[in-house]
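Thanks for asking me to look this one over.

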Amino acid sequence: MSNAAKTAKTVLITGATAGIGRETALHLAQAGYHVIATGRRAGELDKLRAEAPAGARLDTTLLDVTSADSIAAALVEVDRLTSGRGVDALVNNAGFGLIGPLTEISDADLRRQYETNVFGLMAVTRAFVPQMRERGNGRVVNVSSMGGKMTFPFMGAYNSTKYAIESMSDALRFELRPFGIHVVVIEPGAIHTNFAETSMAPVNQYEHTVYGPAIARAKTLEKRMMSTAVGPKVVARAIQKAISRRSPAARYVAPWFGNLVLAMMAVTPTRVLDAVIRRISFLTPKALRADQVRGQGIGSGAAASAPRDLLPRTPAIIASNVSSGTGLSRN
Ligand SMILES: NC(=O)c1ccc[n+]([C@@H]2O[C@H](COP(=O)([O-])OP(=O)(O)OC[C@H]3O[C@@H](n4cnc5c(N)ncnc54)[C@H](OP(=O)(O)O)[C@@H]3O)[C@@H](O)[C@H]2O)c1
């Protein structure tokens with residue numbers, strides 16, 4: 001077992017049936033940690049266990065972060081697996097993106113987004129922190145997003161949950177540090193997982209709203225952004241840093257060059273950013289009216305009629321944040 005593994009021996013990961021959570025489970029198991037990978041789908045957890053490196057300790061248990069019963073059952077199972085000691089590190093990773101124009105998203109869908117990304121994260125944290133507090137040490141690692149610092153059009157529902165996680169993590173960092181518990185935020189950029197597909201799937205329902213051309217545009221941008229995405233290993237490594245470093249940073253951006261985007265956004269005036277993003281996203285009166293003017297119906301011909309493509313290659317990373325929930329924001 002590595003030194004890192006000695007610092008945080010048992011790690012529970014939520015949302016480990018796919019993407020970042022799954023990769024992190026395998027990565028940490030390989031590094032010598034006792035991993036408790038959790039998720040909603042028993043079949044995927046079985047497959048994950050079967051993939052664990054030889055000699056690694058990778059246990060699984062069902063855990064739906066939106067269900068109090070499921071969390072309670074997982075707590076009992078974790079007690080059994082750790083002989084009542086609890087976990088050394090909790091990685092709150094489970095989440096999804098709800099994409100669409102904020103005024104068109106139903107209240108029920110918005111609540112569903114918050115139930116998983118915000119209330120689910122807090123419910124799991126409340127369940128597993130008490131044992132850390134009793135022991136006087138532990139780590140809580142919250143997977144936010146670069147989109148927890150910036151907002152893109154149609155990403156408001158998702159981005160706002162990540163903003164909430166950023167703020168709650170700051171409060172938790174103050175409140176848990178006296179008990180030896182470090183709270184760390186992970187801010188991924190565009191990462192190749194199921195995330196983009198899951199998030200983009202429902203957007204077609206908005207094609208026949210006033211936002212039709214911009215929705216068509218968002219789909220194009222999402223494809224372009226995913227062409228710049230990296231694999232989930234980079235996030236798994238950042239999570240390992242968060243749980244193994246003696247004095248971890250409050251935040252890790254993964255991949256690191258996301259820091260450049262965040263820095264650029266921070267110094268760019270809101271007025272300038274807004275103008276660029278509106279044009280890139282076809283959120284100008286002209287672009288939104290383009291189809292009607294051409295008499296072709298909303299949702300078609302937008303690309304031909306909308307403003308010239310302002311998306312340069314270099315800031316493709318910015319565009320790439322559309323699908324990953326990373327956005328551009330201004331204060
Ligand atoms: N990929 C990106 O570009 C990106 C960028 C920034 C931040 N993130 C964040 O990274 C985290 C992981 O996303 P990912 O990219 O790995 O996406 P993913 O491949 O879609 O994986 C999401 C995971 O969360 C799980 N999940 C969703 N709702 C759940 C619930 N109620 N209870 C338990 N598990 C639940 C999913 O379970 P099922 O398999 O059952 O659906 C799945 O295991 C999310 O918090 C996301 O916001 C991702």
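In which hand of crossing does α5 pass α6? The crossing is right-handed, and the points below put that in context.

1. A word on the source and the overall make-up. Please keep in mind that this is a predicted model. The protein chain has 331 residues, and 49% of them are buried. Its secondary structure consists of 14 helices and 7 strands. Among contacts with a separation of 6 or more, 75% join residues 24 or more positions apart.

2. The pairing of α5 with α6. Helix α5 covers residues 107-135 and helix α6 covers residues 156-176; their axes come within 9 Å and cross at roughly 20 degrees. Angles under 35 degrees count as roughly parallel, and α5 and α6 are therefore roughly parallel to each other. On the α5 side, the contact is made by Leu-110, Gln-113, Tyr-114, Asn-117, Val-118, Leu-121, Met-122 and Val-129. The α6 side brings Ala-157, Tyr-158, Thr-161, Ala-164, Ile-165, Met-168 and Leu-176. By class, this contact of α5 with α6 holds 12 nonpolar residues, 3 polar ones and no charged ones.

3. An α-helix has 3.6 residues a turn, so residues three or four places apart point the same way.

4. The pairing of α4 with α5. Helix α4 spans residues 68-81, and the axes of α4 and α5 come within 10 Å, crossing at roughly 30 degrees. The two helices are therefore roughly parallel to each other. Here, too, the handedness can be stated: α4 passes α5 in a right-handed crossing. Ala-68, Ile-71 and Leu-75 of α4 make the contact with Ala-123, Val-124 and Ala-127 of α5. The contact of α4 with α5 has 6 nonpolar residues, with no polar and no charged ones.

5. Helix α8, its length and its surroundings. This helix runs over residues 212-226, which is 15 residues, and reaches 21 Å from its first C-alpha to its last, close to the 21 Å expected at 1.5 Å a residue. Why can α8 be called largely enclosed by the rest of the structure? Because 11 of its 15 residues are buried. The buried residues of α8 are Gly-212, Pro-213, Ala-214, Ile-215, Ala-216, Arg-217, Ala-218, Leu-221, Glu-222, Met-225 and Met-226. If you look at side chains in this helix, do note that Arg-217 and Glu-222 are among those buried residues.

Key. Residues are numbered from 1 along each chain as its sequence is written. This is a predicted model: local features need pLDDT of at least 70, side-chain atom pairs count only at pLDDT 80 or more; totals for chains, interfaces and linings use all residues. Helices (H or I, at least four residues) and strands (E, at least two) are DSSP runs, numbered from the N terminus. The expected span of a helix is 1.5 Å times one less than its number of residues. A residue is buried if 20 or more other C-beta atoms lie within 10 Å of its own, exposed if 12 or fewer, and partly exposed in between; C-beta atoms are placed from the backbone. Axes are lines fitted to C-alpha atoms, for helices over the stretch in contact, and angles run from 0 to 180 degrees between N-to-C directions. Angles under 35 degrees count as roughly parallel, over 145 as roughly antiparallel, 65 to 115 as roughly perpendicular and the rest as oblique. A crossing is left-handed if the near helix is turned anticlockwise from the far one by less than a right angle, and right-handed if clockwise. Two residues are in contact if their C-beta atoms, placed from the backbone, lie within 7 Å. Ala, Val, Leu, Ile, Met, Phe, Trp, Tyr, Cys and Pro count as nonpolar, Asp, Glu, Lys and Arg as charged, and the others, Gly among them, as polar.
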